[in-house]
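Subject: Structure handover

Hello,

Here is the structure I promised to pass on. Please open it first, then read the notes below.

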Amino acid sequence: MAASCTLTVPGPFAAASSTSARRHRRFGVVAMASAGQKVYATGVAVSEGNGGLPKISLKSPHGSEAEIYLFGACVTSWKVPSGKDLLFVRPDAVFNGQKPISGGIPHCFPQFGPGPMQQHGFARNVNWSITDSEVTEGDPTVTLELKDDSYSRAMWDFSFQALYKVALHSTSLSTTLTIINTDDKPFSFNSALHTYFSASIAGVSVKGLKGSKTLNKDPDPKNPLEGKEERDEVTFPGFVDCVYLGAPSELTLDNGLGDKIVISNTNWSDAVLWNPHLQMEACYKDFVCVENAKIETVQLGPKESWVAEQKIELV
């Protein structure tokens with residue numbers, strides 16, 4: 001393993017550092033070579049990002065790159081071999097460890113949208129830790145973990161474990177979210193990946209949603225209108241905030257910038273399209289959100305788990 005993969009873990013990385021003894025993996029993780037140090041798989045590096053927040057960088061030998069912040073386990077960048085970043089971070093995003101990062105791929109868990117706890121739940125507003133990294137056929141993968149603590153229990157009084165695996169490939173980025181009930185009582189939740197794609201909104205279209213049941217939050221988000229999507233291609237001429245129930249497992253996004261991105265999933269049963277239009281005049285023309293979601297409540301008994309996968313691929 002290259003020397004550049006050996007990193008001294010600064011203070012903010014404490015949550016990511018295990019106190020376990022040296023451990024070995026066939027494909028590359030050798031954790032805790034010495035106190036305060038951790039060695040990651042080739043193509044996985046940790047450094048100080050915006051606002052001093054810990055940031056993971058993934059680099060594929062094919063030329064693709066990704067960045068993930070431990071705060072919120074938020075993927076903020078996905079660059080294909082051409083160097084083009086297909087994700088978008090809003091210009092008003094803050095990196096202070098106090099507010100969720102506005103852009104990239106934020107988590108919504110254990111609540112989607114408004115409800116009894118903070119908007120979209122707490123998973124996007126806390127620090128996750130690194131539990132694993134590996135290399136498969138040259139492509140880097142990292143796994144992050146979130147567990148309950150006093151902060152989460154003040155809003156949602158359950159014991160849980162969330163694992164988030166991010167794998168970078170030459171022209172795609174894959175994520176696997178696993179939620180495990182580690183409590184002795186059942187719990188329920190909703191979840192989504194609130195993905196922001198770079199776009200030229202006037203030229204954006206999304207294919208694959210025809211026939212899906214819709215919950216249109218325009219004009220009244222508190223009383224969404226039920227309907228059915230009749231269009232072959234959904235476009236964004238104005239404000240759009242619409243939930244698609246029972247959405248297909250594969251959608252195709254034309255980002256209006258000359259790129260087509262296939263968004264596929266396993267077990268994310270729903271989709272959400274969002275563009276704020278003039279509510280966010282400074283940047284609405286530059287992005288679109290195409291989100292995989294689980295709007296229907298997931299019920300988990302003790303020791304049960306739920307797994308959902310997403311793949312976004314440039315075609």
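Is Glu-233 buried, partly exposed or exposed? Glu-233 is partly exposed, at a relative accessible area of 36%. Keep in mind that this is a predicted model.

Salt bridges

There are 14 salt bridges in the structure. Glu-233 makes one with Lys-207, with 3.4 Å between the closest N and O atoms. Glu-233 sits in strand β19 (residues 233-235) and Lys-207 in strand β16 (residues 205-207), so the bridge ties together parts 26 residues apart in sequence. Lys-207 is partly exposed too, at 39% relative accessibility.

Next, look at Lys-84 and Asp-259. Their side chains meet in a salt bridge at 2.6 Å, N to O. This pair links distant parts of the chain, 175 residues apart. Lys-84 is in the loop between β8 (74-79) and β9 (107-108), and Asp-259 in the loop between β21 (250-254) and β22 (260-266). Asp-259 is buried, with a relative accessible area of 10%. Lys-84 is partly exposed, at 30%.

Asp-183 and Lys-185 form another bridge, with the closest N and O atoms 3.1 Å apart. Asp-183 is buried at 8%, while Lys-185 is partly exposed at 32%. Both belong to a salt-bridge network that also includes Asp-148, Arg-153 and Asp-157.

The largest pocket

The largest pocket holds about 740 Å³ of space. Its lining has 31 residues. Nearest the centre lie Gly-113, Gln-119, His-120, His-194 and Asp-241. The lining splits into 17 nonpolar, 5 polar and 9 charged residues.

Best wishes

Definitions and conventions:
Residues numbered from 1 in each chain as written. Predicted model: local features only at pLDDT ≥ 70, side-chain atom pairs only at ≥ 80, totals over all residues. Heavy atoms only, no water. 1 Å grid on protein atoms, 1.4 Å probe; cavity = no way out; pocket = protein on both sides within 12 Å on 5 of 7 lines; lining within 4 Å. Points joined across faces, edges and corners; volume = space filled by probe spheres on them. Nonpolar A, V, L, I, M, F, W, Y, C, P; charged D, E, K, R; others polar. Salt bridge = Lys/Arg side-chain N within 4 Å of Asp/Glu carboxyl O. Helix = DSSP H or I, 4+ residues; strand = E, 2+ residues; numbered from the N terminus. Buried < 20%, exposed > 50% of the residue type's maximum accessible area, 1.4 Å probe, protein only.
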